[in-house]
Amino acid sequence: MLTLKTVTRTFPNGKMAFRDLSFEAQPHEVIGILGTSGCGKSSLLRVIAGLDSEYQGSILIDQAPLQGIHERVGVIFQEPRLMPWLNVIDNVSFGLRGDSDTNRKKALEFLQLVGLEGFERHYPKELSGGMAQRVAIARSLVTSPDILLLDEPFSALDAFTKMQLQDLLLQVWKKCQSTMLLVTHDIDEALYLSDRLLILRGQPGELVEVIEVTESRPRSRGSERLARQKQEILQLLHLTAEKTGEVQDDTNIWERHPAARRELSFKGLS
Amino acid sequence: MLTLKTVTRTFPNGKMAFRDLSFEAQPHEVIGILGTSGCGKSSLLRVIAGLDSEYQGSILIDQAPLQGIHERVGVIFQEPRLMPWLNVIDNVSFGLRGDSDTNRKKALEFLQLVGLEGFERHYPKELSGGMAQRVAIARSLVTSPDILLLDEPFSALDAFTKMQLQDLLLQVWKKCQSTMLLVTHDIDEALYLSDRLLILRGQPGELVEVIEVTESRPRSRGSERLARQKQEILQLLHLTAEKTGEVQDDTNIWERHPAARRELSFKGLS
Amino acid sequence: MTHSARFTGIILGGILPLVLLVIWQVLCSQGVFQPYLLPSPLAVLDSIVELAKDGSLWAHIGITMYRILLGFLLGVGLAILFGSVVGFYPLAQRLLDPTLQAFRSIPSLAWVPLFLLWMGITETSKITLIAVGVFFPTYLNLVSGIQGVDRKLIEVGKVYRFSNRQLIHRIILPASLPSFLVGLRGGLGVGWMFVVAAELLGASQGLGYLLVFGQNTTAPEIILASIVLFAILGKFTDALLAKVEWRALHWQDSLVHKR
Amino acid sequence: MTHSARFTGIILGGILPLVLLVIWQVLCSQGVFQPYLLPSPLAVLDSIVELAKDGSLWAHIGITMYRILLGFLLGVGLAILFGSVVGFYPLAQRLLDPTLQAFRSIPSLAWVPLFLLWMGITETSKITLIAVGVFFPTYLNLVSGIQGVDRKLIEVGKVYRFSNRQLIHRIILPASLPSFLVGLRGGLGVGWMFVVAAELLGASQGLGYLLVFGQNTTAPEIILASIVLFAILGKFTDALLAKVEWRALHWQDSLVHKR
Amino acid sequence: GCSQTDTESVAKGEAKPEKIRLDYAYYSPLSLVIKEKGWAEEAFAEDGVKVEFVLSQGSNKALEFLNSNSVDFGSTAGAAALIAKSNGAPIEGVYLYSKPEWTALVVGEDSPVQKVEDLKGKKVAATVGTDPYIFLLRALDTVGLTAKDIEVVPLQHGDGASALVGKHVDAWAGLDPHMARVELENKAKLFYRNPDFNTYGFLNVRKDFAEKYPTYVEKVLQVYENARLWAIEHPNETAEILAKEAKLSAEVAKKELERNDFTQAIPGDMQRDTILEAGKVLQNNEIIKPNVNLEEVVDALIEPSFAEKVVKP
Ligand SMILES: Nc1ncnc2c1ncn2[C@@H]1O[C@H](COP(=O)(O)OP(=O)(O)OP(=O)(O)O)[C@@H](O)[C@H]1O
Ligand SMILES: Nc1ncnc2c1ncn2[C@@H]1O[C@H](COP(=O)(O)OP(=O)(O)OP(=O)(O)O)[C@@H](O)[C@H]1O
Ligand SMILES: [Mg+2]
Ligand SMILES: [Mg+2]
């Protein structure tokens, strides 16, 4: 379905976003991407979406090299990116082609699914952060893309709404048989949704680990096996030490981190 | 320190953001605010910050009625809101007064504390989402405000970076003896940082519950007691049902939610 | 805006012109300005009333408004055409923009002999000359508006594989609307300024004609009458555009459009 | 922009003017245009060279550039002053803006008798008249830029309890910079157009003088020479501003400033 | 500064102006000669009075300068001065710089229009309010026509010439040097000429200047008088100066100069009649207001006393 071979993205200022990424996504697979802030996850999605053609290496979709923006790709960006001059319903139906009446109906349906019924005529400036993000999610799902790239789609949502939308996403996934690449910071979410997890690390980001999520679907959020895998991942991310005890003021918590630079005893306040 | 008495905010289009909120924050207290998306949390912070004077009810800071923007208040907005024409270091020192050299030094220090050393000369368009949010955090903390209003400050950050910054926040809080109001969607985070939790619900949002976090500081992220309180809160938010089993396609998961409107079996795809 | 808010707006906006008028009138009746230099507002009003009485005022205003309207539409149409192409295609920008920018600084009067040559003394030549004036500010603002559109929004359209035409139509033009509307207002202003030059192309009616006629016959009250009419009509047409602007930009999350 | 990119830019930008020149020359030498109506480019070049030889070309250009420069500075200064006040304070807007908008449509020629009256035929009157031309587009764009500034950014400043002066200086002006810079370019263009009117205020040198002189002495090659000079100098000054614009807006995340 | 006020108060008898501002114009060859030769500067050097030259692009500009106190002496056509005077401009016509035949009715080379009657229903270009326009009206009047019988196309002088050559109009009320140029270069025909319908070239002075500094008015006129006599004696050199200053070709300059008659200098009854006639036409066309008493205005305008002292018969 989607194949990356040693893909690297370098910015004109010499900075690399990520380096030598290679992986393959099967049809109907959900791949979770985890990694520290700034390790190149968004840049990776941009490259796969075809929005950024200045990369080295090769990307294939259905064995054909990627050229420009693939027609079956849908993207949920890290920011809502709503058109400020369109109201909510027009924003949702923004990417739909064809008859505008059926488009509106479809858009309305998805608005209800993301819990925003009654807000059709609001403009983006009248929405809360989470509501804007939900509109963006609806806008993307309504076109039922085959390959869906999601960049932290649920990070602005409360726990309850987040769960609703995760389940909504699973339904869309089932019905459309789509392949998904999901960037997330929420390990529970990654484990609940993905078939495979890619762990990136460093600046530029490199692929340090691929974890198969073996738990069968439908999954339970409280599953023991998932909890165990979560511990594994946390260990992998060197997070367990901090998990079990509050950091003391003089402990250098940046130390075990590749980006670690200096002590956390800051003079400005002492 | 900070007192709200039956504060209500109504928008000109007739919509209420929140209704009849009353609570009191003690000096040096950290209050966590939890609530579903769109229930008025950001609007509440805006009102307390003094950015929005069109509310009913009364707000007192140190017994004096709030007039305009209070000088000891600092805000971390839900979006980074960086000045696109300033580079990272200038954005961080944006709110500092006085000698520019010492300001730069201070800003540099906080940049290092949020893990962004080496990015001083980058412009906002060259930052990742999480990096931008960290710059915004540094910009707010560097002025060491007495009352700090935080609107989902860490939601764009990966688990590891998030923990670093939570601990950073605790240090600042200790050193500056600040009072904090923290809006968050992460219940773990709320429990780890707060003395008290306010739970809002509905549209318009109303205060449905106040939870004291009794665990003494310094806290451990793995604490049993916190885990128990988390279960309580989840129960309160009606989340436990979903927690223990994946939702079936035909289960009406919006039903127990005040905003629930219709069934989650959507025709657009079936 | 509510009805009463608009009303106070008119009142407030009227204060300054009134004060200026009163000062002017007082200075004139004090003899500070001689009438052959600067006739009093009342004298100017008189001559406007006189023009109105014999009906020629309406003819002057009517024909000038007609020319402005057509010239404005023509100029804006061309500005949208060239502006979108130049703003969107870097190659078009490099080919066309330098030349257009060079034409931008040619004064209205300089065009007169050329237009006379190309189009004679027809109504077309006058309207086209006004269109030239309208074109440049509109074009300039549109191009800069387009080039300033947030890349993030354009990418959304690209993901939906919008054609370039769709990108322009559905994202770039709406997003550059604020800048474009300022351009329209600027263009209209320059269009009004071009009226004089346009009406040097063999017009025997119109405000520009009236002005030049007043200058040729050393009739200060006619000069001032035409200036006053220019100001009033210019303000009137600008207010129409400002209203369109206000309505079209209600979605902006900015200082003015806050609630 | 690299050195070679700029070079190809100049080449590409030069194609269209060259094509136009060649067509013009061919039409003239084919006799389609009579020389007394439209002299050939070579004839125009000739008369420019002649002006250059006797040194008067440099005098014309020099004095006009001087007037443009001072007028531009004066106009921009006033536009910043009025624009910030009107853009920021709603009351100032309601008091001042309607009057200013009314003045905006008064043609340059109409100002001439008034300026003569107020300031005589001094250099000041000429520079001030050019400043009037520069003022309006700059003012209009600045006000609209200020009023379009994202409320979210202004709130950041408010949280830091910035004074209004600081808000304007540190947030509003930088944020409205794109719009302001377009205004500057538009203002400069209109400023050039006002040169002719300004030089009717008793000038005996300058490009505007040259144009009117050519018109008064039926010398089409002088008219065209002055038009060409207007175009070249206008393009030159505009290119300077465009360069400033490019540098000042590198932070924009837009189509043109993408990497 | 203060020193100048001092000298002013020190001056005995009559006050002395700080400087004298003269205009020069391409339609006034004498002014060009004076400027070229530096005679004015010469004449006032001994008094310590500075001389400043200001270019007038046309009668209307000269009048604007006079009105706004930007020049002290301005050269205009007689009719233009009359219109301004009727609007209250404080000026006096003190000298004739020429009796020019600067306007005539012009048609293209092969035009069917042969005489004024033929103009009926035709398009005629003219600059409304200027001497050629008055000339056109008076010419029409001679055959019993009015402006309503033709189609007047208001165009600036130069544009009128182009419009005639470009065949956008049938005839043109021309003005030199445009007229001389189309005559020479395009073989245009001056089908109706009448020097007496031209309203003379008047040198006007601002009234308060004349009242304050009468002897200086005389001194300026003396300079003009010298130039006039020189121009009569040196027609070729005068043409050269005109050609050089106004950037005209030698032939055009010569042609224009041929149509200037420098023999009269003192404004008198002849001018009074001509201007009065022009005034009537203007009043009929509502360019001069109907309530103006023309005779009074003309009498107030023409002030021959200065010239009478200077010009030797
Ligand atoms: N300018 C406005 N005009 C009208 N309604 C508004 C406006 N701003 C916000 N609202 C409404 O107020 C409600 C509360 O918004 P608010 O931003 O406070 O929510 P929130 O609790 O911060 O949500 P989230 O967690 O998604 O950020 C929402 O329903 C929103 O639609
Ligand atoms: N236009 C640009 N020019 C230069 N560097 C850039 C640019 N865009 C991004 N970067 C850099 O590339 C790196 C990766 O950015 P990216 O947005 O892909 O991170 P991310 O993994 O999505 O982080 P986050 O989780 O914070 O969103 C960052 O270090 C960033 O500074
Ligand atoms: Mg990202
Ligand atoms: Mg919010």
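Which residues are linked with Arg46(A) in a network of salt bridges? I looked this up first. The network holds Arg46(A), Glu79(A), Arg81(A), Arg151(C) and Glu155(C). I keep in mind that this is a predicted model.

**Salt bridges**

I then took the total. Over all chains the count comes to 64 salt bridges.

In chain A I checked Arg196(A). Its partner in a salt bridge is Glu29(A), with the closest N and O atoms 2.8 Å apart. Arg196(A) sits in strand E9 (residues 196–201), and Glu29(A) in the loop between strand E2 (16–25) and strand E3 (30–35), so the pair ties together parts of chain A that are 167 residues apart in sequence. I find both Arg196(A) and Glu29(A) buried.

In chain B I picked Arg9(B) and Asp52(B). Their side chains meet in a salt bridge at 2.7 Å, N to O. Arg9(B) belongs to strand E1 (residues 2–10) of chain B, while Asp52(B) is in the loop between helix H1 (41–49) and strand E4 (55–61). The two are 43 residues apart, and the pair links distant parts of the chain. Arg9(B) has 4% and counts as buried. Asp52(B), with 8%, is buried as well.

In chain E I looked at Arg181(E) and Glu185(E). This salt bridge spans 3.2 Å, N to O. Both residues lie in helix H8 (residues 178–185) of chain E; because they are 4 residues apart there, about one helical turn separates them. Is Arg181(E) buried or exposed? Arg181(E) counts as buried, at 14% relative accessibility. Glu185(E) counts as partly exposed, at 40%.

**Chain C**

I turned to chain C. It has 11 helices and 0 strands. Its C-alpha trace spans about 70 × 55 × 30 Å along the principal axes. Of its 259 residues, 59% count as buried. I also checked contacts with a separation of 6 or more: residues 24 or more positions apart account for 72% of them in chain C. The chain exposes about 10100 Å², and carbon and sulfur atoms supply 71% of that. For charges, I have 18 positive and 12 negative, with mean positions 14 Å apart.

**A negative patch**

Which residues form a negative surface patch with Asp46(C)? I find Glu50(C), Asp54(C) and Glu286(E). Asp46(C) lies in helix H2 (residues 41–53) of chain C. At 52% relative accessibility, Asp46(C) counts as exposed, because the cut-off is over 50%.

**Chains without contact**

Last, I checked chain E against two others. Chain A and chain E share no contact; their closest C-alpha atoms lie 49 Å apart. No contact joins chain B and chain E either, with 48 Å between the closest C-alpha atoms.

Conventions
Residues numbered from 1 in each chain as written. Chains lettered and ligands numbered in written order. Predicted model: local features only at pLDDT ≥ 70, side-chain atom pairs only at ≥ 80, totals over all residues. Heavy atoms only, no water. Patch = residues over 30% accessible without salt bridge, like charges linked within 9 Å, V, L, I, M, F, W, Y side chains within 5 Å. Areas by Shrake-Rupley, 256 points an atom, 1.4 Å probe, with all protein chains shown as cover. Salt bridge = Lys/Arg side-chain N within 4 Å of Asp/Glu carboxyl O. Lys, Arg positive; Asp, Glu negative; His and termini not counted. Charge placed at Lys NZ, Arg CZ, Asp CG, Glu CD. Buried < 20%, exposed > 50% of the residue type's maximum accessible area, 1.4 Å probe, protein only. Contact = heavy atoms within 4.5 Å.
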